[in-house]
Amino acid sequence: MTLLALGINHRTATVEVREQVAFSPAQLAAALGELRELPEVKEAAVLSTCNRTELYCIADTTGEKAILDWLGRYHGLQPEELTRCAYHYLENDAARHLMRVAVGLDSMVLGEPQILGQLKDAYQSAREAKGLGGELERLFQHTFAVAKQVRTETGIGRNPVSVAYAAVSLASRIFGDFGRSRALLIGAGETIELVARHLHEAGVRQLTVANRTRERAELLAGPLGGRAVTLNEIPDALVEADIVITSTAAPLPILGKGMVERALKKRRHRPIFMVDIAVPRDIEPEVGELSDVFLYTVDDLEEVIGENRRHRQVAADQAEALIEHGVESWQHERRIRSGGELIRDFRAHCQSLRELSEEQALAQLARGDDPEAVVRRLAHQLTNRLLHSPTVALREAASAERHDLLDAAATLLLDSSSDKPR
C-alpha cells in the first residue's frame, strides 16, 4: 500500500472542468463510501473547493487508474478527459503536496488562509464516513501541526494581495485615523464586499454602500452598521464621503467631473480620496485633474500588491523549508512505526514456534521420557524452527545474487552473534 494524492486544480483545469469534478457537501459521504469500496483503496479523504478537487488515499501501488476511473464514472466524465488535467503524487511527494495545500502555497492567492479550514472540513467528513485509518489520520494531524507552525513562525498569512486590500492600504497612507473618516462604496459585488470588510476592520464606522438595487446594498452594509443608497442618491452621499471606492460592471462612468466638482464645493474643498477598481472605469479620468481629489485606478494598486506579494514570497520560502522538515519528520515516524510492526510480527511468529515446542516437550515429560533428552530435543527443535525460514530466504537470495539482502542479513543476524545470554 502507498500514499497517493490525485486531483485537479486551477492550474491544470478550466473552471468548466473543475465544476464538473467538484463534490457538493451532500454528495461527499456517499462518494467517500464508494471510493472506500474500491478493492485498491484502504483509506480515503476528499478535498473539494472551487479551485481544486483532490483525493488522498492509502491504496495499492497500482491503484491510481482504478481511482481515476471511479472519479470519471462518478461525475460522468471519460477518464481521458481527467487524465489530461489530473496530477498525482506518491509517498513523500504526496505528503509534501498536502502540506503545501494546507498553508496556501498551492493556492491562487499565495498564503490564503481559507484552504486550511476547508482541509479540516474534508478531514472531518472523511472521519465521519469512516474513510480514515491510522495512516491518513496521522498524516492529517501532522499536516495541521505543520500548518500551525508555518502560520506562527512566518508571515505567510499577512500582507494580503487582493485588490480590495490594496485599495484600503493605499487609503491608510492618507488617512491616519480611519475612525473619523466616512466612506462611500459604489457597487455590491465580491470586491466591494471585501473592501467594506477591510475598512470596517481598519476602524471606519461611517460606511455607505451605493448600488443599483437598494436591497443588495443593504445586505452588504447592514451587518457592518452602514447605510444603503441607490445610484441616484450618490450626489448627496458624495458630499459626506472622505473615501470613495468603486467597483461596478457599468459600461459608462458613474462619477463625472461635474458631479464631483459640485460635491467639493459643498464640502468646502475638503479633499476626497478615490479608488476606481472597475474595468471599464467608474470615474471619469478628468476627475483626477481636480485639485482636491486624489484619484487612483486599479493599475496604481499594483505597487501595493507587488510589495505585499514580495513580502509573502519571503514567507513562502520560509514555509517551504518548514514543510520539508515536516515531511522528513513524518517519514521518520512512519519508518519507526513500520519497524515496530515488523518487530511485533516477528516476535509473534517466534512466540508461536516456542509454544509449539513447549507443548511437545511437556507431552513427552508427561509420558515419562527422560527429562535431559526432552530438554535436548526441545533446544534442537526450537533452533531448527527459528532458523528454517531465514535459512531458506538466505539460500534464495544467494541464488539470485541479492547481495543487498545478504549484507542486510549479515548486519541483522551476525553483528550480535557474539552476545552472551544473561
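Biologist: What should I know before reading values off it?

Modeller: This is a predicted model, where local features need pLDDT of at least 70, side-chain atom pairs count only at pLDDT 80 or more, and totals for chains, interfaces and linings use all residues. Residues are numbered from 1 along each chain as its sequence is written, and side-chain values use heavy atoms, with hydrogens and water left out.

Biologist: Is strand β3 mostly covered or mostly open?

Modeller: Mostly covered: eight of the eight residues in β3 (52-59) are buried. Buried means under 20% relative accessible area, with exposed over 50% and partly exposed in between (1.4 Å probe, protein chains only). Strands (E, at least two residues) and helices (H or I, at least four) are DSSP runs, numbered from the N terminus.

Biologist: Which residues sit on each side of β3?

Modeller: R52, E54, Y56 and I58 lie on one side, and T53, L55, C57 and A59 on the other; all are buried. In a regular strand the side chains alternate between the two faces of the sheet.

Biologist: And how many bridges join β1 to β3?

Modeller: Eight, with β1 (residues 2-9) and β3 running antiparallel. A5 is opposite Y56 in that pairing. β2 (residues 41-48) also pairs with β3 in the antiparallel sense, over seven bridges, and V41 faces A59 there. Two strands pair if DSSP finds at least two bridges between them. A hairpin of three residues links β2 to β3.

Biologist: Switching to helices. At what angle do α8 and α9 pack?

Modeller: About 40°, with the axes of α8 (163-172) and α9 (190-202) 8 Å apart. That makes α8 oblique to α9. Axes are lines fitted to C-alpha atoms, for helices over the stretch in contact, and angles run from 0 to 180 degrees between N-to-C directions. Under 35 degrees counts as roughly parallel, over 145 as roughly antiparallel, 65 to 115 as roughly perpendicular, and the rest as oblique.

Biologist: Which residues meet there?

Modeller: A164, Y165 and V168 of α8 meet T191, L194, V195, H198 and L199 of α9; contact means heavy atoms within 4.5 Å.

Biologist: Last topic, the open sheet. What is its strand order?

Modeller: β7-β6-β5-β8-β9-β10, six strands with parallel pairing. β7 (227-230) and β10 (293-297) are at the edges with a single partner strand each, so one side of each has no neighbour in the sheet. The twist averages 20° from one strand to the next.
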